[in-house]
Amino acid sequence: MQTGVPMIAALVVACLLMATATNARHHPQWSDLNEHYTFDKYVQHFGKPYDAAADPKEWARREKIFGAKLLEIVAHNADVSQSWKMGLTRFTDWSGEELRNYGGYKLKYDDGGVKPVRVHEAVPADFTPPEQLDYRLHEPRVLTAVKSQGNCADCWAHSATEEIESFYALLTGELHVLSQQQITSCTNMSKCPPAGYGGCFGGSPHLGVEQVAKFGGLHSNWQYPFTDWGVTGNQNTSKCRLPELAKVIQKPFATTTGYVHVPTNDANATLHALVTKGPLSIGVAAMPWYNYEGGIFSIPTKAS
């Protein structure tokens, strides 16, 4: 079956690596945190590999980083003017340099002159958005589970894939997990902005959607599973397996016909697209999100 993907939202900034907070081991919620929470408990909750006896210097270094961030988290959550809450994540004992280097690439966003298939239509003057819209509650389901890209800076490929998943579900009533790895490994990186990026180096969701059309479609995740968790931009992305799959699978699972661009910095157009079309694909600079736990994320904008 074939399905077209109606849109990709305005690309806000370069797609920087954002690891989702899939923290197991029942770590405490923000409301339970205070300055007395210990590094020992953190190590236990998150299964950290540190050993105070075997490597006391590493333990002390991580404990110092953790202690400073814990105080920042507690102070932030005590500020009633904040619209979001911080919490513990597996990154709470990472240094700023480690966070900046996670993913192995630095990409300044540039659209490279790529033009959209078309721009989202003008918003009618009488358009009134609903008070609430939550695609997580849509029936039948149109969103697959949150995934982790690991150390591979291919959030652009994940975003493109999940956009296709959602519109396939909206069109057919069937929700399937599709292959992020196919877009990551098989996209023509010479056309990524700037030239040479792509794969685990970073890229743009609209390029992924375009490439799926050129591939002839996108395979399901069970046919072409994701394997690049540990790959960084300093390494080679896994080799494209499409020629191999073509020998055993007659055709991919779903195809695309292109995308539509939502005008940049236009909240009304974004709301209209969300209401009338479906979930949107975006890219964000995620560095400030490493301690996010809940609420409406907001940070002060720098004066121009």
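The structure holds 15 aromatic pairs, where rings of Phe, Tyr and Trp (its six-membered ring) pair if their centres lie within 6.5 Å, planes under 30 degrees apart counting as stacked, over 60 as edge-to-face and the rest as tilted. This is a predicted model, in which local features need pLDDT of at least 70 and side-chain atom pairs count only at pLDDT 80 or more, while totals for chains, interfaces and linings use all residues. Residues are numbered from 1 along each chain as its sequence is written, and side-chain values use heavy atoms, with hydrogens and water left out.

**Stop 1: Trp84 and Tyr292**

Select Trp84 and Tyr292. Their ring centres are 6.0 Å apart and their planes stand at 20°, so the pair is stacked. Trp84 belongs to strand β1 (residues 84-86) and Tyr292 to strand β4 (residues 292-295), so the pair ties together parts that are 208 residues apart in sequence. Strands here are DSSP runs of E with at least two residues, and helices are runs of H or I with at least four, numbered from the N terminus. Trp84 has 4% relative accessibility and counts as buried, whereas Tyr292, at 28%, is partly exposed. For these words, buried means under 20% relative accessible area, exposed over 50%, and partly exposed in between (1.4 Å probe, protein chains only).

**Stop 2: Tyr168 and Phe253**

Next, select Tyr168 and Phe253. The centres of these rings are 5.3 Å apart and the planes are at 45°, so the pair is tilted. Tyr168 is in helix α4 and Phe253 is in the loop between α7 (242-246) and β3 (260-261), so the pair ties together parts that are 85 residues apart in sequence. Tyr168 counts as buried at 4% relative accessibility; Phe253 counts as partly exposed at 22%.

**Stop 3: helix α4**

Is α4 enclosed or open? Of its 18 residues, 14 are buried, so α4 is largely enclosed by the rest of the structure. Gly173 follows α4 and has a positive phi, near 80°.

**Stop 4: salt bridges**

Lys147 is in the loop between β2 (118-119) and α4, and Glu162 is in helix α4, so the pair ties together parts that are 15 residues apart in sequence. Glu162 is partly exposed, with a relative accessible area of 26%.

How many salt bridges are there by this rule? The count comes to nine, a salt bridge being a side-chain nitrogen of Lys or Arg within 4 Å of a carboxyl oxygen of Asp or Glu.

Move to Arg61 and Glu98, whose closest N and O atoms are 3.9 Å apart in a salt bridge. Arg61 is in helix α2 (residues 56-78) and Glu98 in helix α3 (residues 96-101), so to speak distant parts of the chain, 37 residues apart. Both are partly exposed, Arg61 at 36% and Glu98 at 24%.

Then select Arg136 and Asp134. This salt bridge has its closest N and O atoms 2.8 Å apart. Arg136 is exposed, with a relative accessible area of 66%, and Asp134 is partly exposed, at 23%.

**Stop 5: rings and a charge**

Select Tyr37, Phe39, Tyr42, Phe46, Tyr50, Trp59 and Phe66, which ring pairs link into a cluster. Then go to Arg241: its charged end sits over the ring of Tyr224, 5.0 Å from the ring centre. The rule asks for NZ of Lys or CZ of Arg within 6 Å of the ring centre and within 35 degrees of the ring normal.

**Stop 6: His36**

Select His36, in the segment before α1 (39-46). His36 is exposed, with a relative accessible area of 63%. Its C-alpha atom is 9.8 Å from that of Gly67, 31 residues apart along the chain.

**Last view: the whole chain**

Along the sequence the pattern is α-α-β-α-β-α-α-α-α-β-α-β. Of its 304 residues, 44% count as buried.
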